[in-house]
Amino acid sequence: MAHGILTGFRAWPAWARVAAIYLAARIATTAMLILAASLAGPGSRHGAHATPLDLMMGWDAQWYWLIAVEGYPAELPRDETGLVATNQWAFMPLYPMLARLLSSFSGDYRVTAVAVSVVAGYLASLVLHRLLRRRVDDAAATWAVAFFAAGPLAALFQMGYAEALFLLWLFLALDVLVRRRFAWLYLLIPLMGFTRPGVLAFSLLLALYGIQRWRDRRRDPLPVGHVVHIVATGLWAAVVGFSWQVLAGVVTGDAEAYLETELSWRRTWLDGDDGGFVPFEGFVQAAGIWFPYWGVPVWFGLVALVVLVASFAALLLFDPHVRRLGIEIRLWSASYVLYLLAVFFPQSSIFRLLLPLAPLAGALALVPARPWRIGVLVAGLAGQWLWIHQMLVLGNAFYQVP
């Protein structure tokens with residue numbers, strides 16, 4: 001009987017199979033959120049009477065809500081030392097504005113914000129299947145969607161965060177790049193850029209992609225039209241990536257408004273250090289905090305970081321499962337990790353920021369053994385509960401920031 005059900009499921013169209021998987025994953029996440037809310041005590045971040053919706057609208061979701069209600073400050077808030085304090089300019093406008101627009105129908109921004117994430121998460125899952133299906137068989141692509149929809153960070157598909165919407169634009173952009181329908185990138189790049197930071201990594205991807213296409217031009221012809229689009233969209237992504245800094249500067253009258261706002265979060269970890277932004281410095285600074293906290297020498301931690309980055313590079317270059325995903329996904333993964341190394345100050349939210357590497361789930365799904373695939377799925381669900389419990393139920397310690 002089970003075999004018959006499985007055979008029937010495989011015969012469904014892709015959108016229906018993805019919908020069934022995504023719905024099952026959302027039911028599992030909802031159950032976890034209900035349980036998590038019941039476990040919230042007086043000492044938890046959301047209080048003893050927290051509801052699942054409280055958990056869904058915690059942390060950064062509050063900033064997006066504030067943007068929807070008040071917009072962005074024309075005058076930057078400052079602390080007692082005169083440094084820029086945390087404010088809305090760190091968050092992009094597309095997600096909260098879309099949720100606000102749709103809330104005119106629902107009457108409740110919170111419900112609409114979560115609904116936007118849920119719908120965007122399904123559409124992102126559907127595009128991920130389409131993207132991976134170009135390189136792997138249908139079974140592997142379907143399992144990869146299951147890993148994605150039920151993974152450790154999948155609660156974000158039911159939270160007032162912009163991640164799901166960003167992933168939708170990203171997967172669409174990768175898909176049209178694989179299909180070489182470059183014209184769509186002129187639309188998708190600003191959609192990405194005004195949903196979440198990260199479009200500069202896509203600019204780097206296009207630069208590396210152009211170099212790769214040039215190297216392979218004898219085997220894979222490179223028409224002039226492709227060259228024009230690759231260069232133009234790469235520059236377009238760079239312009240979009242820096243445009244928010246320019247806009248923040250124009251509105252506030254402070255050219256450093258965006259960078260100072262981003263640094264305001266970092267300074268809470270660095271005892272108010274008023275230094276400016278230096279690329280790649282964040283990981284070095286964080287090493288001086290985290291590794292002593294773990295009882296590990298800083299130098300050892302830095303060596304471990306180098307080894308980890310080198311291992312990831314080797315994975316992208318040589319692992320046969322990853323190589324099967326195609327050059328576009330591999331170059332995106334390399335570009336995005338390099339971007340994070342350049343701009344991010346690592347703390348517990350790094351797990352959330354790694355979510356754009358989700359297409360690599362296709363490599364996990366390429367291992368055909370069913371026990372392996374089920375094991376990965378179960379591990380993802382277990383990781384999701386751990387993340388929900390630590391970040392949403394508790395979330396009171398400096399290492400519990402989602």
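Start by selecting A139, A140, W143, A146 and F147 in helix 7, which meet R373, I374, V376 and L377 in helix 19. Contact here means heavy atoms within 4.5 Å, and helices are DSSP runs (H or I, at least four residues) numbered from the N terminus. By class, this contact of helix 7 with helix 19 has eight nonpolar, no polar and one charged. For the classes, Ala, Val, Leu, Ile, Met, Phe, Trp, Tyr, Cys and Pro are nonpolar, Asp, Glu, Lys and Arg are charged, and the others, Gly among them, are polar.

Before going on, a word on what's on screen: this is a predicted model, where local features need pLDDT of at least 70 and side-chain atom pairs count only at pLDDT 80 or more, while totals for chains, interfaces and linings use all residues. Residues are numbered from 1 along each chain as its sequence is written, and side-chain values use heavy atoms, with hydrogens and water left out.

Now show the axes of helix 7 and helix 19: they come within 9 Å and cross at roughly 20 degrees. Axes are lines fitted to C-alpha atoms, for helices over the stretch in contact, and angles run from 0 to 180 degrees between N-to-C directions. Helix 7 and helix 19 are therefore roughly parallel (angles under 35 degrees count as that).

Next, pick helix 8 (residues 163–179) and helix 10, whose axes come within 13 Å and cross at roughly 10 degrees. That pair is therefore roughly parallel too. Show L170, A173, L174 and L177 in helix 8, which meet F202, L205, L206 and Y209 in helix 10. This contact has eight nonpolar, no polar and no charged residues.

The largest pocket has a volume of about 1700 Å³. On a 1 Å grid over the protein atoms alone, a pocket is an open set of points where a 1.4 Å probe fits, with protein on both sides within 12 Å along at least five of seven lines, and lining residues have an atom within 4 Å of a point. A volume is the space filled by probe spheres set on the points, which are joined across faces, edges and corners. Select L153, I350, F351, L354 and L357, the closest to its centre of the 49 lining residues. Which helix gives the most to the lining of the largest pocket? Helix 19, with eight residues.

Last stop: the second largest pocket, with about 1400 Å³ of space. Centre on Y258, E262, V343, F344 and L353, which lie nearest its centre among 49 lining residues. Its lining has 34 nonpolar, eight polar and seven charged residues.

Conventions. Helix = DSSP H or I, 4+ residues; strand = E, 2+ residues; numbered from the N terminus. Parallel < 35°, antiparallel > 145°, perpendicular 65-115°, else oblique.
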